[in-house]
Amino acid sequence: MVLFLLFESASGFGLFEHVKTDEVSITSDEVQESIQDLQRFSKICKLKSFLPFTSAEGALENINAISEGEITEDLHKFLELNMPKKKASLGVHDPKVGNVISETLSIKCKTGTLVAELLRGIRVHFDRFIKGMKAGDLHQAQLGLSHSYSRCKVKFNVHRVDNMIVQSISLLDQLDKDVNTFSMRVREWYSWHFPELVKIVNDNYQFCQLCHLIKDRVNLTDALLPEIEKITDSMDVAKQVLQASKMSMGTDISQIDMMNIDAFALRVVSLSKYRMSLQKYLAKKMDACAPNLSALMGDQLGARLISHAGSLTALAKYPASTVQILGAEKALFRALKTKGNTPKYGLIFHSSFIGRAKPKNKGRISRYLANKCSLASRIDCFSDTHSSTFGSKLKDQVEERLEFYSTGKAPRKNIDVMQEALRIVEKEEADEEGEEEEAPKKKKADKKSKKKGKKRKAEAEEAEVSEKKKTKKKKKDDSEKKTKKKKKKKTDK
């Protein structure tokens with residue numbers, strides 16, 4: 001049986017015929033040296049046919065199909081035309097492509113070390129097998145195709161915002177650490193000058209704002225009380241700050257030192273404001289990408305689950321048991337190594353549901369919550385409808401389960417809750433379709449009413465013009481009659 005080899009390159013498909021060699025000796029040093037030498041390798045493999053790509057779009061289409069384990073019409077016709085129908089097998093690099101070719105064309109396909117080594121040799125000498133091809137041409141084609149392939153893969157993920165969610169939650173966690181560290185540095189630094197302020201104001205954001213407002217405590221007067229009240233939301237706290245400034249035990253500080261403290265405090269305030277805006281941005285992104293997961297777990301916890309899994313699709317493919325211990329991998333492997341108890345929860349421990357459950361029910365509610373979280377992520381990932389109805393209904397189910405553990409009241413069945421959610425979603429879709437249908441009707445009605453209004457205005461204008469003409473004619477007739485009468489009187493005299 002003759003072995004043919006299919007080689008996919010950036011410039012086209014090549015079909016090579018293999019002259020028989022021992023498969024056992026293919027990995028020997030002598031054979032490896034012969035693969036590197038073109039004269040010796042050309043005796044092992046010979047080019048039978050070559051199908052060049054006619055355009056960059058065609059090359060990209062074919063490479064996308066090969067990467068996904070499929071074949072295009074061009075490759076199908078190429079193999080059907082050049083491959084012998086009997087006593088021949090085809091060596092391919094990817095087993096998935098081999099399975100598709102064997103199913104569609106009934107050609108026996110092979111993979112293995114022999115095929116891999118021969119394809120490696122073809123890759124080394126491919127530009128010399130094709131007449132009229134230079135070494136630089138193949139490199140240029142590979143470079144252009146790699147750029148277009150990468151660009152295509154990036155564009156495939158433009159409308160999926162889970163990448164932005166992963167980056168946002170990572171930045172949010174980093175900002176929390178940094179703002180907390182910087183705030184402690186401001187507290188320690190400013191406390192040399194005004195140590196009593198630390199005990200009065202506990203909030204870091206408010207403390208940095210007050211540092212920027214007060215600066216030197218000597219300048220603190222009753223005129224600043226309204227601004228201090230605006231920052232602290234309490235007149236009592238503002239009065240305490242004013243009273244403490246008059247009796248402070250802190251040291252005096254130079255103007256240049258105060259300028260540095262003020263600049264640093266202002267930077268911490270700006271970072272805190274940016275953190276608030278980033279949190280709002282994350283909430284919008286979660287509502288756009290995973291509304292059901294956000295409704296069930298909250299914006300930040302849902303984003304952390306997506307970030308830890310890598311993407312929303314990866315999270316949706318996880319079983320509920322994996323979601324339950326997601327984030328507790330170290331504890332899990334330690335328990336498996338020491339043969340101890342495995343962890344009951346990972347990141348989902350930060351959910352309010354587990355915090356509200358009694359200690360004996362925390363494991364149960366974590367399993368139940370992980371189950372609902374897995375359902376919500378799958379609905380968000382694979383459903384075409386954009387609605388948070390399922391997430392809110394799943395949240396109600398977790399609430400009912402908590403109530404069942406505390407009072408014994410039986411919760412509703414899952415099928416009943418899901419049917420109710422489906423009815424709500426269908427009703428919402430019907431309402432949206434009705435609004436879309438009514439919108440053009442309203443536009444048509446508005447256009448008709450505008451046309452009628454214009455006609456009425458035109459008719460009214462025409463009536464006014466005609467009335468004016470009539471009045472002018474009457475005036476002329478009256479004036480003519482008067483002149484005629486005057487002439488008659490003169491003639492009679």
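Phenylalanine 16 and phenylalanine 129 are both buried in this predicted model, where buried means under 20% relative accessible area, exposed over 50% and partly exposed in between, for a 1.4 Å probe and protein chains only. Residues are numbered from 1 along each chain as its sequence is written, and side-chain values rest on heavy atoms, with hydrogens and water left out. Because the model is predicted, local features need pLDDT of at least 70 and side-chain atom pairs count only at pLDDT 80 or more, while totals for chains, interfaces and linings use all residues.

A pair of aromatic rings is described by the distance of the centres and the angle of the planes. Here, rings of Phe, Tyr and Trp (its six-membered ring) pair if their centres lie within 6.5 Å; planes under 30 degrees apart count as stacked, over 60 as edge-to-face and the rest as tilted. The count by this rule is 12 aromatic pairs. In one of them, the ring centres of phenylalanine 16 and phenylalanine 129 are 5.1 Å apart and the planes stand at 80 degrees, so the pair is edge-to-face. Phenylalanine 16 belongs to strand β2 (residues 12-18) and phenylalanine 129 to helix α6 (residues 113-129), so the pair ties together parts that are 113 residues apart in sequence. Helices (H or I, at least four residues) and strands (E, at least two) are DSSP runs, numbered from the N terminus. Both phenylalanines also belong to a cluster, in which ring pairs link Phe7, Phe16, Phe41, Phe50, Phe126 and Phe129. Elsewhere, the charged end of arginine 187 sits over the ring of phenylalanine 207, 4.8 Å from its centre; the rule asks for NZ of Lys or CZ of Arg within 6 Å of the ring centre and within 35 degrees of the ring normal.

Phe7 of the aromatic cluster turns up again at the largest pocket, which is lined by 17 residues, with Phe7, Glu8, Ser9, Ile63 and Arg123 nearest its centre. On a 1 Å grid over the protein atoms alone, a pocket is an open set of points with protein on both sides within 12 Å along at least five of seven lines, a cavity is a set where a 1.4 Å probe fits but cannot get out, and lining residues have an atom within 4 Å of a point. Grid points are joined across faces, edges and corners, and a volume is the space filled by probe spheres set on the points. The volume of the largest pocket is about 370 Å³. At least two lining residues come from each of β1 (2-8), α3, α6 and α7 (135-155). The lining comprises 10 nonpolar, 4 polar and 3 charged residues, with Ala, Val, Leu, Ile, Met, Phe, Trp, Tyr, Cys and Pro taken as nonpolar, Asp, Glu, Lys and Arg as charged, and the others, Gly among them, as polar.

The search of the whole structure also gives 1 cavity of 30 Å³ or more. Its lining is made up of Glu8, Ser9, Phe13, Phe53, Ala59, Asn62, Ile63 and Ile66. Helix α3 (residues 56-67) contributes the most to this lining, with 4 residues. By class, the cavity lining holds 5 nonpolar, 2 polar and 1 charged residues. Helix α7, one of the elements at the pocket, contains serine 148, which counts as buried because its relative accessibility is 18%. The C-alpha atoms of serine 148 and alanine 56 are 8.4 Å apart, although 92 residues separate them along the chain.

Further along, helix α15 (residues 299-309) has Leu301, Gly302, Ala303, Leu305, Ile306 and Ala309 as its buried residues. These are covered by elements including α8 (162-190), α13 (255-289), α14 (291-297), α16 (312-317) and α20 (362-382). Just after α15, glycine 310 adopts a positive phi of about 110 degrees. Leu301 is also touched by serine 351, along with Met297 and Leu369, when residues up to four places away in sequence are not counted; contact means heavy atoms within 4.5 Å. Serine 351 is placed in the loop between α18 (329-338) and α19 (352-356) and, at 6% relative accessibility, counts as buried. Helix α13, for its part, holds serine 272, also buried, at 9% relative accessibility. Beyond its neighbours within four places in sequence, serine 272 contacts Val179 and Tyr205.
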